[in-house]
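Here are some notes from my read-through, in the order I'd click through the viewer. Have the sequence and the 3D view open side by side.

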Amino acid sequence: MRLLHCYGRLFKRSLHLKHDPLNIAFFGSGNFSVASLSKILELQKRCPERVSSIKVITRSIKPSGRYMKTFSELPVSEFAMKHNIPILRADSSSEISGLMENNKFNLTIAVSYGKLIPAAFLQTCTYGGLNVHPSLLPKYSGSSPIQYALLNDDKRTGVTVQSLHPTKFDHGKIIAQSGEMEIEHNDNFDSLSDRLAQEGGALLSEVIDKGLFLNTSLPNVYERSLAPKIDKSKSQALWDAYTARQIQRLNDALGPIFTFINTRTKKKGRIVEEKKRVILNPVTELSIHDDLQLENPGDFALVKEGLCIKCKTGYVVSKKIKLQTRGEETPEKFIGSYHKTVGDMPQQFIN
């Protein structure tokens, strides 16, 4: 069920509110943006009297990779090129404002763009702006709502279509919200983001199709909470502080997690002791093995499922291990070369 009960009543009262054909400025970047752009393009093809034109505004192509020699388009611009949608580039507020001179937009849509759309730009658009946010606002306002939903092991989430506030992120009027969507036990960032993107794109299309952005807004049903950007240091597994479920959700939300191990190896004829970083991915919760003899958090052993690690309570298993200065390895190879790469140190990860 996509629409909340309060939105459903408004939906029945306000079918196809009248507005001029829309000339849309679509601001986006990643795959989450693509789902919404795709739905708007479908609506334009189906109802050209409602959507007259779409132009995509995204970032300039930046060099990346080794020696900064690789130039790759963002997913939203790749989609736009494939479907012959005009692309404009803007990296700053002044560049966005500069787009007003040669374009006659009357609606702005920003989905996962990552920058605040200047108030002056929004003011030139007759119908202001819309945003798709992957949470049930005002819960998880901020840049990382999906990550926080996973880290907190929430059971449900959803998407919101809101108006764009001229000076603050996620402070616009709530125009429509999905129903509560179940977060699956084994969802990770990619799987949950994909589902929310599809739901958000469909909801945005309905809002535009029915003209609900003209005068419709909903009351806040959920309590406000913040989901600010998460520092990379938060990806560390703290074995004596986190349960197995929390470690898995850390991996689900933030991708590869890291830990450390003490090493004692011989280099140029002398013994060197070092604390080295270890990257683990993927990591999942594991049922207790009766034959395991892991006493302390961080202790690990090879089992048929992979590398089993003891947590504050419970166990997790990792399928791949990357020791600092070495390539990614299977658990079997990591344990097989343990004496050479780690030395005569206990099989234990440390904080």
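1. Start at Leu323, which sits in strand E18, residues 321–323. Keep in mind that this is a predicted model. Is Leu323 buried or exposed? Its relative accessibility is 1%, and the cut-off for buried is under 20%, so Leu323 counts as buried.

2. What does Leu323 touch, once neighbours within four places in sequence are set aside? The contacts are Ile261, Lys276, Arg277, Val278, Thr341 and Val342. Take Ile261 from that list: 62 residues separate it from Leu323 in sequence, while the C-alpha to C-alpha distance is 8.8 Å.

3. Now the cores. The largest nonpolar core holds 47 residues, and Ile109, Leu130 and Ile208 have the most contacts inside it. Leu323 belongs elsewhere: a second, separate core of 22 residues includes Leu323 along with Ile309, Cys311 and Val342.

4. Ile208 is worth a click. Not counting residues up to four places away in sequence, Ile208 touches His19, Leu22, Ile40, Leu43, Val51, Leu107, Ile109, Leu130 and Phe213.

5. Seven strands form an open sheet with mixed pairing, in the order E5-E2-E1-E6-E7-E9-E10. Strands E5 (87–89) and E10 (174–177) are the edges, each pairing on one side only. From one strand to the next, the twist averages 25°.

6. Zoom in on one pair: E1 (residues 22–28) and E2 (residues 51–58) run parallel and are joined over six bridges. Within this pair, Ala25 stands opposite Lys55 of E2. Helix H2 (residues 31–46) lies across E1, E2, E6 (107–111) and E7 (129–133), at about 160° to E2.

7. Last, the largest pocket. How much space lies in it? About 1,100 Å³. The lining takes in 44 residues, and Ser112, Gly142, Ser143, Ser144 and Pro145 are the closest to the centre.

8. Which elements give two or more residues to that lining? They are H2, E6, E7, helix H6 (145–151), strand E9 (160–163), helix H7 (189–210) and helix H8 (244–254). H7 gives the most, with five residues.

Methods:
Residues numbered from 1 in each chain as written. Predicted model: local features only at pLDDT ≥ 70, side-chain atom pairs only at ≥ 80, totals over all residues. Heavy atoms only, no water. Pairing = 2+ DSSP bridges. Helix = DSSP H or I, 4+ residues; strand = E, 2+ residues; numbered from the N terminus. Axes fitted to C-alpha atoms, helices over the stretch in contact; angles between N-to-C directions. Contact = heavy atoms within 4.5 Å. Core = buried A, V, L, I, M, F, W, Y, C linked by side-chain atoms within 4.5 Å. Buried < 20%, exposed > 50% of the residue type's maximum accessible area, 1.4 Å probe, protein only. 1 Å grid on protein atoms, 1.4 Å probe; cavity = no way out; pocket = protein on both sides within 12 Å on 5 of 7 lines; lining within 4 Å. Points joined across faces, edges and corners; volume = space filled by probe spheres on them.
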